[in-house]
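Biologist: Could you take me through this model?

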Amino acid sequence: MVKFHDSLDQSHVEFITSQPLFFVASAPWAGSHINISPKAHPSKTFSILGPNTVAYLDATGSGCETISHVYENGRVTLMFSSFGPSPKIIRLYCTGRVIEKWDQYYQELRAKMATENGDEVDFTGARAVIVLRIKKVQTSCGFALPADGIEGDATAFADHEHSHSHDDVSRPRETLEVWSRKKLEKQEMADYQKNMNHRSLDGLPGLMSARRTRDENFAVEDTKAWLRKVNKQQDAVALGIGFGVLLMLVLHVVGVLHIQPKFLYTILEYQKRHLGIVDTTDIKSEL
């Protein structure tokens, strides 16, 4: 049965911290994609900072959907679910903000996350911390979930490179941390983020550090993104203009606002002159 709560209580915290992975969902205001991402290693990346605040380390990946969506509108939903004989689902409906690794508050926030976790919070290749303010907590049964449990943290694997042969299928998969460590050792992480993390699938601005390395003009690109968003909401824009015009006419009728449509007067004067009608107003003003 679904229940809603204003904040996390101790039972929620115990359930969340015992799960091997969680899922993050986000979407743009207007666009063709809704994103959902699984997040592994919650014991090393996720922290509960208060009854209404959580945060997680965001690892470098082949896209930046969540980051782009949070920058645009802040809407995020987290989902934790058990995989065992006692099924349960917790969803956290949140608004978020992105603290990238170059930000002055990044290390301070990471240290706070480690303190709350009682352990070190770190992940090789982390690019940002996503801080989330919980607006609503939803709990529900998870009887449709598989009964077989997952022990320990779920492991994140990397699959960012294209396979060159069929033999690659039989090779052990590389974990995300090992892949990130190799990228950092070869000093290739910045270039990878530059190419893969500067835009979302819907063309929204992505990781700010990646955009800087591309020498983007933030004002121009953010304005373009805003115009694309407005263009995809033409019905709302038209409705707003219509309500605005209607409100002005009502205020004019009741005498609160005086509207003088000079362009209409100009058109009428032109028609009068064209038809040879004498304007008596000018004659009276001369007398």
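Modeller: What follows is a walk through a predicted model, taken topic by topic.

Biologist: How many helices and strands does the protein chain come to?

Modeller: The secondary structure comes to eleven helices and eight strands. The protein chain has 287 residues, of which 38% count as buried.

Biologist: Among contacts between residues at least 6 apart in sequence, what percentage join residues at least 24 apart?

Modeller: That share is 68% in the protein chain.

Biologist: Now the strands. How many bridges join S6 to S7, and in which sense do they run, parallel or antiparallel?

Modeller: S6 and S7 run antiparallel and are joined by seven bridges. Within that pairing, valine 76 stands opposite cysteine 94 in S7, and arginine 75 has threonine 95 in S7 as its bridge partner.

Biologist: What is the bridge partner of threonine 95 in S8?

Modeller: Arginine 133 is the partner of threonine 95 in S8. S7 and S8 are antiparallel too, with 13 bridges between them.

Biologist: Over how many bridges do S2 and S6 pair?

Modeller: S2 and S6 pair over three bridges, in the antiparallel sense. Phenylalanine 23 has methionine 79 in S6 as its bridge partner.

Biologist: Let us change topic to helix H5. Which of its residues are buried?

Modeller: H5 spans residues 176-185, and Leu176, Glu177, Trp179, Ser180 and Lys183 are buried there. Seen down the axis of H5, these buried residues fall within an arc of 160 degrees, so they line one face of the helix.

Biologist: Why would residues three or four places apart point the same way in an α-helix?

Modeller: They do so because an α-helix has 3.6 residues a turn.

Biologist: What covers the buried residues of H5?

Modeller: The cover includes helix H2 (42-45), strand S5 and helix H6 (189-196). After H5 comes glutamine 187, which has a positive phi, near 55 degrees.

Biologist: Where is glutamine 19 placed?

Modeller: Glutamine 19 lies in the loop between H1 and S2.

Biologist: Does glutamine 19 count as buried or exposed, and why?

Modeller: Glutamine 19 counts as buried because its relative accessibility is 7%, and the cut-off for buried is under 20%. Its side chain reaches the backbone oxygen of phenylalanine 15 at 2.9 Å.

Biologist: One last topic: where does UniProt place the feature "transmembrane region"?

Modeller: The UniProt record, an unreviewed entry, places the "transmembrane region" at residues 236-259.

Biologist: What percentage of helix and of strand does the chain have over residues 236-259?

Modeller: Over residues 236-259 the chain is 75% helix and 0% strand, and the C-alpha atoms at the ends are 25 Å apart.

How values were computed
Residues numbered from 1 in each chain as written. Predicted model: local features only at pLDDT ≥ 70, side-chain atom pairs only at ≥ 80, totals over all residues. Heavy atoms only, no water. UniProt positions renumbered as here; feature names shortened; annotations may be inferred. Helix = DSSP H or I, 4+ residues; strand = E, 2+ residues; numbered from the N terminus. Pairing = 2+ DSSP bridges. Buried < 20%, exposed > 50% of the residue type's maximum accessible area, 1.4 Å probe, protein only. Arc of directions from axis to C-beta. Contact = heavy atoms within 4.5 Å. Polar contact = N/O pair within 3.5 Å; in protein donor to acceptor, adjacent residues only side chain to side chain.
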